[in-house]
Structures are given as structure tokens and as C-alpha cells.
Amino acid sequence: MACEEVAHSKPLFLTIYTVVIVGVVLSSLYVLSAIRYPSTNPSTWSLSNEDVRLSEQTLNGSVSETVHFMPYVPPEARNVRTRPMLDVPPSNKKMPPLKAFRLTKELVEQRVKDNIIIVTFGNYAFMDFILTWVQQLNDLGVSNYLVGAMDTKLLEALYWKGVPVFDMGSHMSTADVGWGSPTFHKMGREKVILINLILPFGYELLMCDTDMVWLKNPLPYLAHYPGADVLTSSDQVVPTVLDDSLEIWQQVGAAYNIGIFHWRPTESAKKLAKEWKELLLTDEKIWDQNGFNDIVHRQLGPSVDEDSGLVYAYDGNLKLGILPSSIFCSGHTYFVQGMYQQLRLEPYAVHTTFQFAGTEGKRHRLREAMFFHDPPEYYNPPGGFLSFKPSIPKSLLLSGKHTIASHFTVVNYQIKQIRTALAIASILNRTLVMPPIWCRIDRLWFPHPGVIEGSMTRQPFLCPLDHVFEVNVMLKELPAEEFGLGIDIREYSILDNPSLPSEVKKSWLDVQLCKEGTQDCFASNNATVGGVLKFPRHSNEETYMKVFSSFKDKKVIQFSSMQDAFTGFIDKEKEARFRNRVKRYVGIWCCVLDHTPGHIYYDMYWDEKPGWKPIPPQTSADDHPPW
């Protein structure tokens, strides 16, 4: 598909392609300035090439250093995470009857501003996503929104938090819905029904999925296109424009994504919504997004005019615009490409698509970017945190071509360090702060040459945790008798999150690994002035428990490295349960060209298998995880 886009592109796309090629040439210089492990402090987010100090042998990480690309934080949202904008009812007030929450024009009218309403919806399982969505809008000073509750448990919870909520009458389960499940498809139909209910009220509707967040007030942008009947986001990963214009519709080869789209109450828009609803209600097997794309593409073209970027679609009268994926970001253009940053644009939104670990993976990505709003206890877990500074030989990241082999070499090098950290975290009963992961090639669902041709993916790049690890498995409760005690994890950015309590920041122990027998290097709990503890490499479970039992009150223990930090468990049954657990933590890379199946399994214990190579399963009998 990407090749076809290039082949049929307009002259402007040659300009874009030239920019991409120039970017590749410059990326090596850029990586040298960015390859140090990240600070997530916004004041350090920089693309500067200054102050580059790289060892020829090893790149040592630090939580006080710069990152490859970091989340955009709009000026209006900085330092306002607790801005009170919700109308929380008094605790002695009785909740109104359910009928008071019915969706009516009068209810919508109470929240409308400039004739537009922003709406999301979900069930109780997505309450934390909804509260994040609400808080992000509040931080941006946007209040003209409503949340549709698909079950009464969510409705009641949102009401008591002061969130403007209405009852969708869905009577839906409060549990999580898996992508593609019958319940998932029901949610999609509810969206279409909702659009058909609201448009006749005469208000513009900005409809959003709950797994996206707003980073900048989108309403002024949407107002720039008053002639549009519908403005939709898309799954486009190859840029068609270099600025904040609408995508060039002739060059968009990806699906239109209905996780973010804006409707005006025109006759053409209402006609489209009605036909879309009728299509879905007559065939429960149709995915709502596919149905939308099929109808809209029934006719596509010509352009409405020379300048706006709008196109006649659907019935030849509907005026459609495709929001630029560089600033109305997908999970790929934001978390993998960092397209907005490379083009020096300010993103409006990020939708957690293009990820591989279900709801837990979406949540973790938003947490890595410090967009997710968790309760206070999340930032101060029982037992405290364990973190470490990763190190990677420079040659593993920058030398040679970016191939499957070089990718697995650098990722396996990191997996081994993380495996050690998981073991130590399990012994000390601490929550592990996962490090950022460097990748040399992208992960997708289909065969590709390493990165999507024409995309702005830089190599190497900081990849989301779900590219390598099964985040959903890591967070799942497993039977202790078979897998040992759970090992809680946090995102790499948590120690720089503004929500981290001061009591955690002030309770810190740095552990400097050293060679036993050298000066001051012995198994002791005597920390030096400044809170640094020298601790011998090649220590075992017993030594860790003996020394660090004295530091249970420390909220954060940070190791200078995980290289040779741990020799193994004393309790072999405990070790067996640990191994049984963590070998399930890694996932797959996908996919090689010209081979079926094309995926390759990561292996937590790759280094224990002489001659291990990153190759796909050669037979169907081989196609299983390495456990």
C-alpha cells in the first residue's frame, strides 16, 4: 500500500519525500544527541545537538538526560493538572433519578459553546480513560463536553465526580471489551446511534473514542473549515503535507479512523449518519469503521476547491476533510514516528491505535507520555520503586545496517538487563520502573522492510514498551503457586511525573555497583554521605535481602547498572516460578518478508540457548512462544 501511494503521488509528495530523505541523512547526527536516556522533565525536552558526551563503548542512561523525542505539553496545560472545573455535587445531595440523565436537546444545550459539543462514551471498565479525557480538556480550558455512560455504575460514578454525563440506555456490562468482540461491535453501533440522535439538535458534534486524549484545544482548528460537513482522522502514516493543512485526499491510502471526527448538522451529514446507522443495524458483522469507509468512498472526488483540502464524497454532495495525522496523531505517528516534532508542529490529539497489548497497552503508552491521570496511590506503591540506568554499547545502536539481526541484538541486550531488574524487584518486593526501550526496526502486523516506506520513522528510535513486552501479561494476575508473586511495573517516565509526591522524590537511594574487594566495595548497608550505597556486583539473593532490608523505608532505589548485578536465586523453587512468569513477558516482532508465518518470538532467556538466532518459525509445530 505504501509503495502504491508513492507511485501515484502528486508533485508535492516529491517534496515530502525529499524532506524524509534529508531527515534520514541527518538522523545519525540527531541520534548522537538524543541517544542518552531520557529525562521526562519538560524543561529538558530538546532537539539540541549541544553537549553530546558519548562513550565510544557504552551509552549510559540517566533520568536527568535528554530523550529521542518527548511528549508535547501545550502551554495552557502546563502545571494545571488540578485545575478545578468539575461541578462536584455535595455529598448530602440525593442523586437525581435515571430519567434526569436522558439525552435531550436541553441537556446538550447546557454544555454547548459556540454551537459545538464534544462527546465521548464508554462503560465502567474505561472510567480511568474517561477521567483522563475529561481532565485533559479541563486543563485546556475546554468545558463544552459530555460523556455518555453505557452502564449505570459509570453514570453514578461520574455524577459524583461532577462530570457532565448522560445515560445512553445501553445496559452494557461493566467489564472491559476486547477489540473485535461482539460487545466491541455493539459499542460501535452505539456511537452511530448517538451521532444520529445529536445531529438533529442542530449542534456541531466532535465525537471521540475514550482511548484518545486532547493535547491542544481543537475547536479553533475545526473552525478554519466552516464548509466541511465531516472532518475525520485517519490511519495515514506517510505524510502528505508538511504543515497543519488537511491531508491531500488523493494521497491518503489508509482507512479513515472514526476515533476522532467532527460533524456539522448539515443535511448531507445527517443523510450519511442515517445510512451508516441503517447499514450497521442490518448486519451485525460489519465493523462500524469499515462501514463508514465503504459508504464515504462510494464517491470520492473531485476537490471542493483549490485551497481548502476538502473533497466531495459519499453522495457527491458531502464535503469531507481528512485531519492531518501529524497533529491529530495515531499511535504510530505520535509514539513511533514523533512526526509532529520532526515537522515542528503542535499536536492536537493522540489516539492510542497501532499498539499490541490491548487496553493495558493503551494505558501504558499514555502513562509513558505522562498524559494519563492516575490516583495518588499509583505514584507511591507499597514497597517503593526500583529503577536502574540502562546501558547499551554505542555500536549496537549505530553500527551497520538496521536489520532484523541488528534489531534483535540490541533488544536482547536490553531484555537481559530488564530480566535482572525483574529478579531484584521480586526479591526486594518493589515496583520496577521499566526503562525506555531502543529499537532499530518497527513492529507492525504485516511484512515490511524494517520501517514503513515513506514514513518519518527514525532509526534507531525509542519504541513503546508493547513493541517488545506483553504489557497486558505483565499486569495480569497469575497464580502464585505456579508463577510466584506478582512483580508490579511502572512506566519509564514516572519518576519525572509532576504527580509524583514530594515524599517519594525526597526518599531516594542511589546504588553504585562496584567490584568486590576494591575500596569501600563490600556487602554493607552503610550508605555514604549523599545517599549513595556501594554494592558488589555478582551478588546473590541472600546478599540482596540482607543488605537492602535496611532500606525498606526508601521510596526509590536506583541502581547505576544491571550489568552483572545478580548471580541468581538461592531458593530454586522460587527461581523456577520466577522463570515461568517472566518468560511470558516478551512478545513477538512482526514481520519478515517472503515467509509465512513472518513473526519472530522474543525470548527472555535467549542467552541460555547457544546459537540462538532471530528467525521465524520454520514449521507450524515451531510456531509457539519459547515456553
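Modeller: Buried means under 20% relative accessible area, exposed over 50%, and partly exposed in between, with a 1.4 Å probe and protein chains only. The model is predicted: local features need pLDDT of at least 70, side-chain atom pairs count only at pLDDT 80 or more, and totals for chains, interfaces and linings use all residues. Residues are numbered from 1 along each chain as its sequence is written, and side-chain values use heavy atoms, leaving out hydrogens and water.

Biologist: Is cysteine 329 buried or exposed?

Modeller: Its relative accessibility is 2%. Cysteine 329 therefore counts as buried.

Biologist: How many disulfides does the structure hold?

Modeller: A disulfide is a pair of cysteine sulfur atoms within 2.5 Å. Counted along the chain, the bonded cysteines follow the pattern 1-2, 3-4, 5-6. The number of disulfides is three.

Biologist: Is the disulfide of cysteine 439 and cysteine 463 right-handed or left-handed?

Modeller: The S to S distance is 2.0 Å. Cysteine 439 sits in strand β17 and cysteine 463 in strand β18, 24 residues apart; strands (E, at least two residues) and helices (H or I, at least four) are DSSP runs numbered from the N terminus. The torsion about the S-S bond is about 55°, so the disulfide is right-handed.

Biologist: What is the S to S distance between cysteine 590 and cysteine 591?

Modeller: Both cysteine 590 and cysteine 591 are buried. Their link is left-handed, with -85° about the S-S bond. The S to S distance is 1.6 Å.

Biologist: How are the rings of phenylalanine 129 and phenylalanine 372 paired?

Modeller: The whole structure has 32 aromatic pairs. Rings of Phe, Tyr and Trp (its six-membered ring) pair if their centres lie within 6.5 Å; planes under 30 degrees apart are stacked, over 60 edge-to-face, the rest tilted. Here the centres are 5.2 Å apart and the planes at 80°, so the pair is edge-to-face.

Biologist: How many residues apart in sequence are phenylalanine 129 and phenylalanine 372?

Modeller: Phenylalanine 129 is buried at 1%, and phenylalanine 372 is buried at 1%. Phenylalanine 129 lies in helix α4 and phenylalanine 372 in the loop between α12 and β14, so the pair ties together parts separated in sequence by 243 residues.

Biologist: Which arginine lies over the face of tyrosine 605?

Modeller: A charge sits over a ring if NZ of Lys or CZ of Arg is within 6 Å of the ring centre and within 35 degrees of the ring normal. For tyrosine 605, the distance from the ring centre is 3.9 Å, and the residue is arginine 579.
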